[in-house]
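Hi,

Here is the structure I promised to pass on. Please open it first, then read my notes below.

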Amino acid sequence: MSYVATQTLIDKGHSRIGIVIRKGSNRSEQATIGFKQCLFDNNILFDQDMVVPFDNFKSENFKTKNFTAIISSHFAITQKLYMQLELMNITLPTELSLISLREEKKIDFKDTVMKSKYKEY
């Protein structure tokens, strides 16, 4: 899943992509592997700073990374991240693209915090 998400972002012109993970999570570990592989396959240099544990997320440090896109390994993290990005006055998707990995085929976003700006691909 993360490989395809990363490839989609690369195909859309992104090269400074980050992945936000939950430490100790198997899904995050697998997502990071797919993320790294896709970067390698596209000749994009991997930097450990591209992997951001959500529990260590600090807005002031995040802005210095200059990501144009973020992949989130968990939907719950995506919702929290979305709220923090809004507090930082970062507009989605104008300034930053945000993708959440989720196993379900169809997601009902009517009850989420992201309902107003969500765009389905």
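The buried residues of helix 1 pack against strand 1 (17-21), helix 2, strand 3 (69-72) and strand 4 (97-100). Those buried residues are S2, A5, T6, Q7, L9 and I10. Keep in mind that this is a predicted model.

Now the helix pair. Two packed helices are described by the angle between their axes and the distance between the axes. Helix 1 covers residues 2-11 and helix 2 covers residues 26-41. Their axes come within 7 Å and cross at roughly 40°. The crossing is right-handed.

Which residues make the contact? Helix 1 supplies S2, Y3, T6, Q7 and I10. Helix 2 supplies Q30, A31, G34, F35, Q37, C38, L39 and D41. By type, the residues of this contact split into six nonpolar, six polar and one charged.

On confidence, the protein chain has a mean pLDDT of 82. A pLDDT of 70 or more is reached by 77% of its residues. Residues 109-116 are the stretch to check, with pLDDT below 50. Beyond near neighbours in sequence, that stretch still has 15 contacts in the model.

Best wishes

Methods. Residues numbered from 1 in each chain as written. Predicted model: local features only at pLDDT ≥ 70, side-chain atom pairs only at ≥ 80, totals over all residues. Heavy atoms only, no water. Axes fitted to C-alpha atoms, helices over the stretch in contact; angles between N-to-C directions. Helix = DSSP H or I, 4+ residues; strand = E, 2+ residues; numbered from the N terminus. Left-handed = near helix turned anticlockwise from the far one by under 90°. Contact = heavy atoms within 4.5 Å. Nonpolar A, V, L, I, M, F, W, Y, C, P; charged D, E, K, R; others polar. pLDDT = per-residue confidence, 0-100. Buried < 20%, exposed > 50% of the residue type's maximum accessible area, 1.4 Å probe, protein only.
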